[in-house]
Protein chains: 2
Amino acid sequence: MISTTEKTNDEYNKTMLTDLYQLTMNAAYYDNNKDEMATFDLFVRTMPEEWGYYITAGVEEAVDYATNIKFTKSNLEYLASQNIFSKEYLEFLKDFKFEGEMYAIKEGTPITTNTPIIRVTAKRTQAQFLESTLLNIINYQTMIASKASRIVHAADGKDIVEFGLRRAQGEDAAIKGARATYIAGAVGTSNVAAGEKYGIPISGTQAHSYIMSFPTEIEAFRSYAKTFPNSSVLLIDTYNTLNGAKNAIIVAKELEENGHKLKGVRIDSGDLAENSKKVREMFDNNGLDYVKIVVSNDLNEKKIMMLNAEGAKIDAYGVGTEMITAKPVAAISGVYKIVEDNGGPKIKLSEGKKTYPGMKQVYRVETENGYNHDILAIDGEYTTLKPLLEKVVEDGHRISSRRELKAIREYCLKEVAKLPAYTKELSARPYELRISEKLEGLVDELTEKYGGGNYDVHQGV
Amino acid sequence: MISTTEKTNDEYNKTMLTDLYQLTMNAAYYDNNKDEMATFDLFVRTMPEEWGYYITAGVEEAVDYATNIKFTKSNLEYLASQNIFSKEYLEFLKDFKFEGEMYAIKEGTPITTNTPIIRVTAKRTQAQFLESTLLNIINYQTMIASKASRIVHAADGKDIVEFGLRRAQGEDAAIKGARATYIAGAVGTSNVAAGEKYGIPISGTQAHSYIMSFPTEIEAFRSYAKTFPNSSVLLIDTYNTLNGAKNAIIVAKELEENGHKLKGVRIDSGDLAENSKKVREMFDNNGLDYVKIVVSNDLNEKKIMMLNAEGAKIDAYGVGTEMITAKPVAAISGVYKIVEDNGGPKIKLSEGKKTYPGMKQVYRVETENGYNHDILAIDGEYTTLKPLLEKVVEDGHRISSRRELKAIREYCLKEVAKLPAYTKELSARPYELRISEKLEGLVDELTEKYGGGNYDVHQGV
């Protein structure tokens, strides 16, 4: 066991990023001596239309969050100023931290609905307290990694570059979203802060305003190529794409004369399939087959698949708004629910909001063709199948080693490759989750005990 | 003029939150001595379906961002490690900062499309550099304030409380989003961090897991009321809403015996209109007309308007996912475009991506019935109309005083009240923007000069 005096890391301190009711419930549990051990599952109830799987993301941050909970002096002063809490409770918060255990599914793992991504067992005050923050972390990042995985799959081996900073929902979304898309297989991002923070490869081209700042397009191209003789990606559609390609070819030839190479061109408007074919031919006819073609313009997985189907000659797609916001999905239905406490396993029976009871594990069934389905089961029920939930926090301390982002990305791509084809179609069906015999038995038992036929049990937020 | 040696404030330093191409273009402008003055407008091209206006938000943060740009030593080391930039350029970045001027429309102002929210005039390297970050700040916050304004309007005087933390797209979205909804008229948020940071009133009720942690519902209610005798909002729908109401009435009476008052009850499922009416009647019949009814459950402006139409007896709506993500809109089309430089006013003529040229101002036309329309005009064109763009940054320094959040909120509510009714319907038409005579003249002149009938001018990102 690691020393409990370990210092918290301010970088990971999101203690105040919580809903007020987490604190009022916490205070009431404390005040009513209701602090026995309890277990909560974090899982996603439903799958967005046409999606086949989720990619778990945010798990590393979730561990950092849980293991660094601490109310600072100024936090406590703010809470005291609200005149909601007793002095005794505020005193209790001074040393409040997470001392329980957390199991999690590795970041970058494809999963389906009702699969516990995180399982927390701790004193009730502590386990309940994590809810809002864990959901804020996991819901967004898992959604973005999942959306990005669809886009990467649609690109069928061509590069996806994340371009969404200007449309991301704030700074954190831009940076964590770039990380999530990288996990799912994007090759890089335009976001410099994400590159600096996570070591994600950064890339960029140029804006139309750059071209328009010079009297002619070719002067703009030449100036840029002068500054970046080996890394220029020229934007060729400001005035007319094919004329732009001609100018880019002139500049590429000039670069060659000086021992340099034009890296690529970007097209951001018009018929991307047609234009990319024509531009490819023009460059190839001039011995410039090494020049890459990058396209952008409100892309998503459907448009990319269509471009592929039309035989577009595209090396890389820059994808912005729809990848970084998962538009039109915008939010997924991740929830955090109590599944067991000192009173035994808990079940929720309301329609569409069913929660599977008890301390559970997820097992993955693999055949020679790859992954066939997962089984939601009582923890320990299977001994020969691969369990997905691994212990990452013990006695409030991280026990999992911090994984390299590149390793998470490679792992994710390998895992997605093993998923059944039906989960990866544009109009996919969700990857299958079966319920184990023992868990079905427990559900039946508890349904009979608490539910009957018409017991109106509801569990919202 | 304020001293240019003023220290930057790390809290506002988002310098690295930019797209790589802002840096490569910056380097090329620097390398090619292309650093004359230029003016850029930040505006939103289109209005989401059924929306009638935008509420400007994020402006205060935009000013803080622009006036605190600074590359730290470690930022520059990271950039050097990328092997993209010359030593000379990295040396130039050491002292790079914004030294230009910025005009902005006050935060909380209702506006329409094509209205410059921010106008920047500076050396080209500096003016261009702001693009990605300003858009990241303004696009999200303006979208959320606008969505929240629709929801507040639908609630027709009843309270809207922001409940979206768990579904917000990351931490920044949760906190800045809560601020934007407050500006638009929400009365508070469940987000404690947003309360602490901005002084927004915080509020909360309890979760179903709290109720289920006790053997019976009434024990759960009693325990909570014991801890919060004057501020309890009891969640009454865990098992059966009307039974829950009965239990809450018992507890309310017990509180009265001890000189306390139950604050409210919350319903989070079922037919909210029907249940709220029945629950209201039950409480009123027991002399408990002071107990408030709060509802929640995937609410949005349409559901709230419908509840009002059905005569629901609701005092406050807790609104989560759809307000904090603006689902299904998810992103608005804010852009940042060059409108003038040493070569004169710039125009973009491509269909759907038109940009109005020149240094402009927005004037508001008010009649005895309120605001009638705005006029996009050449700066200084009108002397008797109220200009919306105000100078907030001069020589790189904030010259506008920092506005109190409460004052911004009050201002916003007053301004929205003056908008035409057609902009505030559920299916609204956008508030009208007219183009001034002089600006139309400039457009015609430049169209003739650069455009003709078939000039394929395009301006994407």
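Biologist: Which residue stands opposite A:Asp159 in strand 11 of chain A?

Modeller: This is a predicted model, in which local features need pLDDT of at least 70 and side-chain atom pairs count only at pLDDT 80 or more, while totals for chains, interfaces and linings use all residues. Residues are numbered from 1 along each chain as its sequence is written, and chains are lettered from A and ligands numbered from 1 in the order in which they are written. Strand 6 (residues 159-162) and strand 11 (residues 316-319) of chain A pair in the parallel sense over four bridges, strands being DSSP runs (E, at least two residues) numbered from the N terminus. In strand 11 of chain A, the residue opposite A:Asp159 is A:Ala316.

Biologist: Which are the edge strands of the open sheet of chain A?

Modeller: The open sheet has six strands with parallel pairing, in the order 7-6-11-10-9-8, where two strands pair if DSSP finds at least two bridges between them. Each edge strand pairs on one side only, and in chain A these are strand 7 (188-189) and strand 8 (233-235).

Biologist: What share of the 461 residues in chain A is buried?

Modeller: A residue is buried if 20 or more other C-beta atoms, placed from the backbone, lie within 10 Å of its own. Among the 461 residues in chain A, the buried share is 56%.

Biologist: By what turn can chain B be laid on chain A?

Modeller: The copies are superposed by least squares on the C-alpha atoms of residues with pLDDT of at least 70 in both. Chain B falls on chain A with an RMSD of 0.0 Å and a shift of 0.0 Å along the axis, by a turn of 180°.

How values were computed: A residue is buried if 20 or more other C-beta atoms lie within 10 Å of its own, exposed if 12 or fewer, and partly exposed in between; C-beta atoms are placed from the backbone.
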